[in-house]
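The following note sets out numbered remarks on the structure shown below. It is intended to be read with the coordinates open.

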Amino acid sequence: MATALGILLFVACLCIGYLVFRRVRLMRGGGVDLSLRRRPAAVPRDASAGWHAGVARYRGDELAWFRLTSFRPGASLRLDRNELEIIGRREPADAEAYVMPTRSAVLRCRSRGVEVELAMTPGVLTGFLSWLEAAPPGRSTGYRQAS
C-alpha cells in the first residue's frame, strides 16, 4: 500500500512539474496570460462556468493559446488575425471575477463562425488590439468590429 501511494505521489509530482515547466517556458517565450471560454452559454447557470486559464503567444498572423492544465504539447486553440472579429466588450460578471485576473476585460470574438470569449488585463488588451491592427500593407487588418 505504501509503495503504491509513493508511486502515485511521484507521478503526481512529475505531472505538476511538467505543467509548471511548460508555463515558465511559454511565458519566457513572449507569452501573456489570457483566459478563454468557448461557446459562451446563452443562459448560463453559473457565469464562471467554462473559463480556462492559459497562455497566449503571437506568431505572425496567428494567436496560439495554450491551456494551462493541458498536457498537450501544442496549442489548444489558434486564432487567425485576418478572420477574427470582435463582437463585443464587457466587464466580467461578479461570479466571473473570481476566475480571471484582476481588472480584466472580456472580449467576445468570432473566428470562422466560432465564438469565443477572451478575458485579459488592460496591458494584454492593449497588446492584443495593437496586434490585430498591425497587419502588413496591402492586407486586411483583421480588426473588424462586427455590426
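This is a predicted model: local features need pLDDT of at least 70, side-chain atom pairs count only at pLDDT 80 or more; totals for chains, interfaces and linings use all residues.

1. Arg108 is partly exposed, because its relative accessibility of 34% falls between the 20% and 50% limits. Its side chain forms a salt bridge with Glu115, in which the closest N and O atoms are 2.9 Å apart.

2. Glu115 has a relative accessible area of 24% and is partly exposed. Arg110 is likewise partly exposed, with a relative accessible area of 26%.

3. What is the accessibility class of Glu96, buried or exposed? At 2% relative accessibility, Glu96 counts as buried, because the class takes in values under 20%. Glu96 forms a salt bridge with Arg90, whose closest N and O atoms are 2.8 Å from those of the glutamate. Arg90 counts as partly exposed, at 31% relative accessibility. In general, side chains of opposite charge can pair when their charged atoms come close.

4. The pair of Glu96 and Arg90 belongs to a network of salt bridges that also links Arg37 and Glu117. For the structure as a whole, the count comes to eleven salt bridges.

5. The chain contains two helices and nine strands. Along the sequence, the elements follow the pattern α-β-β-β-β-β-β-β-β-α-β. Of the contacts with a separation of 6 or more, 51% are between residues 24 or more positions apart.

6. In which order do the strands of the four-stranded open sheet lie? The order is β1-β3-β4-β5, and the pairing is antiparallel. Strands β1 (32-33) and β5 (77-80) are the edge strands, since each of them pairs on one side only.

7. The pairing of β1 with strand β3 (residues 54-59) is antiparallel and extends over two bridges. Within this pairing, Val32 stands opposite Ala56 in β3, and Asp33 has Val55 of β3 as its bridge partner.

8. Strands β3 and β4 pair in the antiparallel sense over six bridges. One of the bridge pairs is Tyr58 with Leu63 in β4. The hairpin formed by β3 and β4 has two residues between the strands, and Gly60 takes a positive phi near 65° in this hairpin.

9. Strands β4 and β5 pair over four bridges, again in the antiparallel sense. Trp65 has Leu77 in β5 as its bridge partner. The covered face of β5 carries Leu77 and Leu79, whereas Arg78 and Asp80 are on its uncovered face. This arrangement may be read against the general rule that, in a regular strand, the side chains alternate between the two faces of the sheet.

10. Which strands does helix α2 (residues 122-133) lie across? The helix lies across β1, β3, β4 and β5, and it runs at about 30° to β3.

11. Helix α1 spans residues 2-28 and includes Phe10. Phe10 is exposed, because its relative accessible area of 54% is over 50%. Phe10 contributes, together with Ile7, Val11 and Leu14, to a nonpolar surface patch of about 400 Å².

12. Ser111 is found in strand β7 (residues 105-111). At 8% relative accessibility, Ser111 counts as buried. With its neighbours within four places in sequence left aside, Ser111 is in contact with Leu79, Asp80, Glu83 and Leu84.

13. Two overall values complete the note. Buried residues make up 32% of the 147 residues in the chain. The accessible surface of the chain comes to about 9000 Å², and carbon and sulfur atoms account for 59% of this surface.

Technical notes: Residues are numbered from 1 along each chain as its sequence is written. Side-chain values use heavy atoms; hydrogens and water are left out. Patches are made of residues with over 30% relative accessible area and no salt bridge: like charges are joined within 9 Å, nonpolar side chains (Val, Leu, Ile, Met, Phe, Trp, Tyr) within 5 Å. Accessible areas come from the Shrake-Rupley method with a 1.4 Å probe; for residues, only the protein chains shown count as cover. A salt bridge is a side-chain nitrogen of Lys or Arg within 4 Å of a carboxyl oxygen of Asp or Glu. Buried means under 20% relative accessible area, exposed over 50%, partly exposed in between (1.4 Å probe, protein chains only). Two strands pair if DSSP finds at least two bridges between them. Contact means heavy atoms within 4.5 Å. Axes are lines fitted to C-alpha atoms, for helices over the stretch in contact, and angles run from 0 to 180 degrees between N-to-C directions.
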